[in-house]
Amino acid sequence: MYRWTLGLGILLSALFWIRHSRRETRLLWIYLAALFGAFAGAKAVYWAAEGFLQLNAPDRWLQWATGKSVLGALLGGYVSVELMKRSLKYPHATGDLFAATVPLGIALGRLGCWSAGCCQGQVCQPAWYTLVDAHGHHRWPSVPLELGFNLLAVGAFGLLRRLQGLPGQHFHLYLIGYGCFRFLHETVRDTPRLMGQVSGYQIVCLILVVIGVVGFELRRGRIHSRP
């Protein structure tokens, strides 16, 4: 199911961007750059955060082939878009368009994670909210919470678009919001710790929050400086 939900997310985002690129062809190149950067970033951050720990594992090739990170996809996609916009000399904000599709794509991906039993939370005491894994262990419901956060983001950005609120800032808000949420959520996810209790993914969370805050302030400054 995971591959189908991932494919559906890419298909929906592609249709959305193809529709918008009819009025500006450069938008299609920006979308393709985002897609390439997202895949490259997803692999690179997975490798840096936990993939290298599998160096001696018998199934390392399978893990390296399937392992990827949403945080890396956001980071790689953001950097690729900014580079492509510079190379195309595209001066307008594109973050609101990405905020309209990225949370939905991640939510679809989390449905695939739920089905595949990956990206689990830590083992904990049985409770009404815990999930039972394939080995019978009760775990923190990390995937449903990630799914819920992104569905809320879909609704929030839909409302902002309808109200025309904070134009040009939606993706910055998503980076800040998801970065903060994921930083805290990492404390109960079953991911390797690289420095004490800090995971590599938490470091990437902080980078995303900084990018979001700096981008938000720079955009606000440009808007206020307009005559």
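**Helix 4 and its surroundings**

In this predicted model, the axes of helix 4 (residues 70–88) and helix 5 (residues 95–116) come within 12 Å of each other and cross at roughly 155 degrees. Because angles over 145 degrees count as roughly antiparallel, helix 4 is roughly antiparallel to helix 5. The crossing in which helix 4 passes helix 5 is right-handed. On the helix 4 side the contact involves Val70, Leu74 and Val81, and these meet Phe98, Val102, Ile106 and Arg110 of helix 5. Sorted by class, the residues in this contact of helix 4 with helix 5 are 6 nonpolar and 1 charged, with no polar residue among them.

The loop that lies between helix 4 and helix 5 contains Lys89. The phi angle of Lys89 is near 55 degrees, which is a positive value in a residue other than glycine. Lys89 counts as exposed, since its relative accessibility is 68% and the cut-off for that class is over 50%.

Helix 4 also packs against helix 2 (residues 26–49), and here the two axes come within 6 Å and cross at roughly 145 degrees. This crossing of helix 2 and helix 4 is likewise described as right-handed. From helix 2 the contact draws on Arg26, Trp29, Ile30, Ala33, Ala34, Gly37, Ala38, Gly41, Ala42 and Val45, while helix 4 contributes Gly72, Ala73, Gly76, Gly77, Ser80, Val81, Met84, Lys85 and Leu88. The residues of this contact of helix 2 with helix 4 divide into 11 nonpolar, 6 polar and 2 charged.

Leaving aside its neighbours within four places in sequence, Ile10 is in contact with Tyr31, Leu35 and Phe39. Ile10 and Leu108 are separated by 98 residues in sequence, yet their C-alpha atoms are 9.7 Å apart in space. With a relative accessible area of 26%, Ile10 is partly exposed.

His172, a residue of helix 7 (residues 170–185), touches Tyr78, Gly212, Gly215, Phe216 and Arg219 when residues up to four places away in sequence are not counted. His172 is buried, because its relative accessible area is 6% and buried means under 20%. Leu166 is placed in the loop between helix 6 (142–163) and helix 7, and its phi is near 45 degrees, again a positive value in a residue other than glycine. At 42% relative accessibility, Leu166 counts as partly exposed.

As for covalent links between cysteines, the structure holds 0 disulfides. The closest cysteine sulfur to that of Cys124 is in Cys119, 17 Å away, which is too far for a bond. For Cys180 the closest cysteine sulfur is in Cys205, at 8.8 Å, and this too is too far for a bond, because a disulfide requires the pair of sulfur atoms to be within 2.5 Å. Cys124 counts as partly exposed at 27% relative accessibility, and Cys180 also counts as partly exposed, at 39%.

Technical notes: Residues are numbered from 1 along each chain as its sequence is written. This is a predicted model: local features need pLDDT of at least 70, side-chain atom pairs count only at pLDDT 80 or more; totals for chains, interfaces and linings use all residues. Side-chain values use heavy atoms; hydrogens and water are left out. Axes are lines fitted to C-alpha atoms, for helices over the stretch in contact, and angles run from 0 to 180 degrees between N-to-C directions. Helices (H or I, at least four residues) and strands (E, at least two) are DSSP runs, numbered from the N terminus. Angles under 35 degrees count as roughly parallel, over 145 as roughly antiparallel, 65 to 115 as roughly perpendicular and the rest as oblique. A crossing is left-handed if the near helix is turned anticlockwise from the far one by less than a right angle, and right-handed if clockwise. Contact means heavy atoms within 4.5 Å. Ala, Val, Leu, Ile, Met, Phe, Trp, Tyr, Cys and Pro count as nonpolar, Asp, Glu, Lys and Arg as charged, and the others, Gly among them, as polar. Buried means under 20% relative accessible area, exposed over 50%, partly exposed in between (1.4 Å probe, protein chains only).
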